[in-house]
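The sequence and structure are shown first.

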Amino acid sequence: MSEKIIMLHDLRAPALAVPAAPVTPGGVLVDALSRPLHDLRISVTDRCNFRCVYCMPKEVFGKDYPYLPHSDLLSFEEITRVARIFIAHGVEKIRLTGGEPLLRKNLEHLVAMLRTLPTASGRPLDLTLTTNGSLLARKARALKDAGLDRVTVSLDALDDAVFKRMNDVDFAVADVLAGIDAAHAVGLGPVKVNMVVKRGSNDDQIVPMARHFKDSPTILRFIEYMDVGASNGWNMEEVVPSSEVVERIAAELPLVPVAANYTGETAARWRYLDGGGEIGVISSVTGAFCKDCSRMRLSTEGKLYTCLFATRGHDLRALLRAGHDDLAIGGAIAQLWRGRADRYSETRTADTPSLERGARKVEMSYIGG
Ligand code: SAM
Ligand code: SF4
Ligand code: SF4
């Protein structure tokens with residue numbers, strides 16, 4: 001194929017409307033399908049030092065890729081202000097993501113600013129981060145000291161050759177493992193490790209990964225390869241269903257199911273029969289969990305997305321920079337959440353990604369996982 005694809009950021013985002021009547025924050029907001037707003041995922045950069053084949057393939061995210069200029073990004077002050085407004089409307093969990101969030105300079109300053117925010121219920125804010133682990137050994141201490149609770153680290157293989165093919169920048173497994181060890185050492189645990197499974201690419205790593213993290217404090221979770229964005233050339237044949245992941249592990253290391261920790265938990269949990277800890281499987285494709293989805297996503301440049309598979313965002317930055325007060329901005333957010341009816345995974349079919357090519361979905365590296 002000679003045609004070069006240049007992906008644009010979401011240029012279709014209309015500014016959010018401020019409702020005529022103010023919406024006083026009451027600590028609980030429910031959407032059109034009665035789902036409460038509970039989690040906010042904040043993408044702090046659209047850049048990454050990896051080129052994972054399922055997320056930022058090199059053919060699309062090459063040298064000429066038009067990343068956002070710094071002035072387009074929300075500042076730490078803006079992010080903290082938005083977080084405070086969300087928290088007043090019931091958010092109790094914030095996850096920082098990207099791109100690779102640890103590439104954002106002085107991220108620990110943002111963590112420290114978010115840490116000071118009290119939740120509406122008085123329960124402590126759950127503040128976490130998802131990272132590819134490449135800079136974690138260097139950053140773990142500063143993140144912990146700033147008040148981060150936990151980290152989730154992505155790692156798709158134990159075998160160096162397979163991992164290097166997945167990250168496509170020649171990054172070694174040992175360096176990610178060193179990041180995980182550093183996170184444990186400073187108290188950023190329990191560390192979760194996410195492995196995206198792509199059939200024919202890294203599915204031979206399922207059992208070795210399970211063996212490696214068994215009998216350790218790290219909780220390994222297998223994620224079904226998803227049709228996020230428009231650049232990874234997803235097809236259903238490359239998805240390894242969670243049921244198959246569990247079968248493959250259980251054939252060698254017997255497993256029994258564990259009850260969910262809380263409603264809306266995305267991972268189904270299994271524990272080793274011999275007491276060697278647990279694993280999770282996230283069936284984003286074969287077992288939709290939209291009915292309990294309580295997440296709003298904030299992009300690097302301040303657009304709000306009510307679903308990971310949304311084709312358009314809502315421009316919150318325009319409101320922030322137009323000088324609206326917190327009550328008005330909170331009202332706009334409340335109105336957006338109340339109108340939310342997204343349930344993409346429940347309605348997806350194997351043909352959906354090709355049917356939707358005309359209405360391009362945003363990239364995972366832009367709104368985070
Ligand atoms: N760079 C960080 C990292 O990799 O952890 C944070 C951002 S990344 C977009 C967040 C998560 O999304 C990672 O665990 C990654 O493996 C996952 N992810 C990216 N593309 C995916 C896809 N097509 N299907 C399933 N998970 C995906
Ligand atoms: Fe980067 Fe994370 Fe996407 Fe991999 S999954 S390319 S590490 S943003
Ligand atoms: Fe939530 Fe959308 Fe994923 Fe369903 S498809 S679980 S609504 S993000």
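Which of the 20 residues around ligand 1 come nearest? They are Gly-99, Ser-154, Val-196, Met-226 and Met-364; a residue counts as near if one of its heavy atoms lies within 4 Å.

## Basis of the model

This is a predicted model, in which local features need pLDDT of at least 70 and side-chain atom pairs count only at pLDDT 80 or more, while totals for chains, interfaces and linings use all residues. Residues are numbered from 1 along each chain as its sequence is written, chains are lettered from A and ligands numbered from 1 in the order in which they are written, and side-chain values use heavy atoms, with hydrogens and water left out.

The shell around ligand 1 comprises 8 nonpolar, 10 polar and 2 charged residues. Here Ala, Val, Leu, Ile, Met, Phe, Trp, Tyr, Cys and Pro count as nonpolar, Asp, Glu, Lys and Arg as charged, and the others, Gly among them, as polar.

A polar side-chain atom of Ser-154 is 2.6 Å from an oxygen atom of ligand 1, and a backbone N or O atom of Thr-131 lies 3.2 Å from an oxygen atom of the ligand. Both are polar contacts (pairs of N or O atoms within 3.5 Å; within protein, one must be able to donate a hydrogen and the other to accept it, and residues adjacent in sequence count only if both atoms are side-chain atoms).

## Glu-224

Glu-224 counts as buried because its relative accessibility is 1%, buried meaning under 20% relative accessible area with a 1.4 Å probe and protein chains only. The side chain of Glu-224 reaches the backbone nitrogen of Ser-242 at 2.8 Å, and a polar atom of that side chain lies 3.4 Å from the backbone nitrogen of Ser-284.

How values were computed:
Buried means under 20% relative accessible area, exposed over 50%, partly exposed in between (1.4 Å probe, protein chains only).
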